[in-house]
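Good morning, everyone, and thank you for making time for this.

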Amino acid sequence: MCRITDNYYSKTIQFQDINYQLAQNEDKEAIFENWCEFLNYFDSSIHFQFTFFNTAAGADGFENSIHIEPQRDDFNSIRSEYAEMLKIQLSKGNNGLVKTKYLTFGIEAENPKLAKHRLERIENDIRLNFKRMGVATSALNGQERLKLMHGIFHMDGDERFAFDWNWLPPSGLSTKDFIAPGGFEFREGRTFRMGKKYGAVSFLQIIAPKLKDRILVEFLDLENSAVVSMHVHSIDQTAAIRNIKRKITDLDKMKIESQKQAVRSGYDMDILPSDLAIYGAVAKDLLQDLQNRNERMFQLTFTILNTADTKQQLENAVFAVQGIAQQNNCQIVRLDYQQEEGLMSSLPLGLNQVEIHRGLTTSSVAVFVPFTTQELFQMGGEALYYGLNALSNNMIFVDRKLLKNPNGLILGTPGSGKSFSAKREIVNVFLVTKDDIMICDPESEYAPLVQRLLGQVVRISPTSNQYINPMDINLNYSEDENPLSLKSDFILSLCELIVGGKDGLQPVEKTVIDRAVRNVYRGYLADPRPENMPILGDLYTELMSMEEKEAKRIASALELYVSGSLNVFNHRTNVNIHNRLVCYDIKDLGKQLKKLGMLIVQDQVWNRVTANRIKGKSTRYYIDEMHLLLKEEQTAAYTVEIWKRFRKWGGIPTGLTQNVKDLLKSNEIENIFENSDFLYLLNQGSGDREILARKLGISPDQLSYIKNSGEGEGLLFYGNAILPFIDRFPKDIAPELYSIMTTKPNEVKHEQEA
């Protein structure tokens, strides 16, 4: 809480953006109505101010966030290429400009105690109203408010804000001493000096009878530092109605005088001056709005503070602002000889020293909608690059681990950049995190990338000498004390795929398999050495030794995969599945074996995730051609289990597919969609677009970004945020990276020949 005058106190809330400009019309209307209700909350005892602050990021800002430190390993050439690519992408947007939004509200009170109590109640109401619109908020404490004002007084400067409350008593200084610039100079009527900067404050003169809801956004989209302020004060409803009635009476009196004069002059008394007729109609409409349409009356002061290093740069900045105002049939007027008052009113204190107001109703004030589209740039941590915001050209840089559910889907038609996007994320994960990475590769597309990153490519085929054992288990395989419970469930799914049949396994058969599994693992659990790990043949032998006819039936079905021509999975694992990056290449498995292969890969990933859970390490899992997994009930159910349970074990699965209709044929996909807070939508076919629009509530404007879009263009869903993106990889800047990530046949062939 800040005490501004003897009896005036204020607090400040920072609020984030939501998607408005790209929302569906009905969603826009809902947001606008909620925004009107939000404004109507403020009665005449509360003064409130919106502050929109655009300032250049410091040296430790965005560039430091994307910086990748060289390491003592074999990947510095890739690391430097990726870092250079990020710098180039950053330079394309205005990520160098930090845009923040604040709401300051103030009241008069007899003492701080009364003010604190009421301001806290108002703050809770305001944040609740913001929450209803889906807007995230945070209240600024005293030190944060001082830092914000320091930023305005040192716009784009290198001066760091240093302050501690404990410094005040011994120093004899006040808080103002820690935020003030080197000096102020208000000698000229139209400009002022603030430290080393020139500044000018102007106000918006609203002339147009109607404004479009993009006017505020256009001011905020300026690519130079500025502070846009809107001081709003509600007029008591009874007083507002009384004043309008008085104006109507005055207009009626003027109308009668005009009619009398017309009669005396021999004119028709119905011919009135046009201004008089217009003002009378407007006043009556305004009275109707206040009395019957849930409108309130507000006084609005709209100011813009521009700063620059030179007077010429300042005039250019003001000229750009004037251009926007003129496009909206308004004017920008300099605050002549009121620059000091204008500067002080631009501070987020909730105190307006500019006595220039415009009376507006709730809906007229609400036209200044402060919402556009969300930016996604998360500094620090393990944020990764996902392209550029198609609206602002700003870099999208986010950490999926911060989502409530980091599971993801990458959807797109062939050639839209689906696999390339996954590979770019894999490289980014490899370079900036310690996460393990697992890949299920049904089309043999990831080997060049994995080999360059010194990962393990496991090529599984009937003729390969690389094997993985479906019976592998680690002692942390399940959440409960007995790891066999979940492993038994996997082997049941495996046998169900092998045995087949319309109705799947019968209850007696499931019981037999479960008993056999427990017998087979008894030796390994007693002495967990690698040589004691059972293989599929051991399960076959155990089933053959059992007396039940159901056991013999299952064993007979397993025989083909144990001693027959499809015995590729009847071996102990002989590859390094503990490598940080493992790719399971199952392209050469036949149709019958591919289903088994994908299920076994899923189980291997589960083994890794459960082992990493104990170490506190995350595991990323990429499933290309995911719709193949969802065609069979067993693999679909196992995939859904992964989507449901991986999150709390540190697993982050990502599914890729080119055909949404195939994907949605599975009844299980509902669970996968509901448990995915990250969606990367590239170009979609017409039928798929309709399905996604219904399922995800995509507006027509948003839909245009996945309709006939180019390679690497689409929509990103990150939690509640929806952003259109463009991700065109600059292959001339990163030739080595591009060569190991591209999936274009002609480029792959060229690389192989080279």
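What we are looking at is a predicted model, in which local features need pLDDT of at least 70 and side-chain atom pairs count only at pLDDT 80 or more, while totals for chains, interfaces and linings use all residues. Residues are numbered from 1 along each chain as its sequence is written, and side-chain values use heavy atoms, with hydrogens and water left out.

I will start with two tryptophans. Trp606 and Trp649 are both buried. Rings of Phe, Tyr and Trp (its six-membered ring) are said to pair if their centres lie within 6.5 Å, and planes under 30 degrees apart count as stacked, over 60 as edge-to-face and the rest as tilted. The centres of the Trp606 and Trp649 rings are 5.4 Å apart with planes at 65°, so this pair is edge-to-face. Trp606 belongs to helix H21 (residues 591–615), whereas Trp649 is in the loop between helix H22 (633–645) and strand E20 (651–657), and the two residues are 43 residues apart. Helices (H or I, at least four residues) and strands (E, at least two) are DSSP runs, numbered from the N terminus. Trp649 also has Arg613 lying over its face, at 4.5 Å from the ring centre; such a charge sits over a ring if NZ of Lys or CZ of Arg is within 6 Å of the ring centre and within 35 degrees of the ring normal.

Across the whole structure there are 34 aromatic pairs. In one of them, Phe50 and Phe52 have ring centres 6.4 Å apart and planes at 15°, so they are stacked. Phe50 counts as buried because its relative accessibility is 1%. Both phenylalanines belong to a cluster linked by ring pairs, whose members include Trp35, Phe38 and Phe371.

What about the nonpolar core, meaning a set of buried Ala, Val, Leu, Ile, Met, Phe, Trp, Tyr and Cys residues joined through side-chain atoms within 4.5 Å? The largest one has 85 residues, and Leu539 and Leu543 have the most contacts inside it. Its largest share, ten residues, comes from helix H16 (residues 484–499). Apart from it lies another core, of 55 residues, with Tyr82 and Leu376 among them.

Finally, salt bridges, where a side-chain nitrogen of Lys or Arg is within 4 Å of a carboxyl oxygen of Asp or Glu: a search of the whole structure finds 30. Which parts of the chain does the pair of Asp727 and Arg424 tie together? Their side chains meet at 2.7 Å, N to O, and because Asp727 lies in the loop between strand E23 (721–726) and helix H27 (735–741) while Arg424 is in helix H14 (residues 418–432), the pair ties together parts that are 303 residues apart in sequence. Asp727 and Arg424 are both buried. Arg518 and Asp514, by contrast, both lie in helix H17 (residues 507–520), four residues apart, about one turn of the helix, and their closest N and O atoms are 3.1 Å apart. Arg518 counts as partly exposed, because its relative accessibility is 31%, and Asp514 is partly exposed too, at 23%.

Definitions and conventions: Buried means under 20% relative accessible area, exposed over 50%, partly exposed in between (1.4 Å probe, protein chains only).
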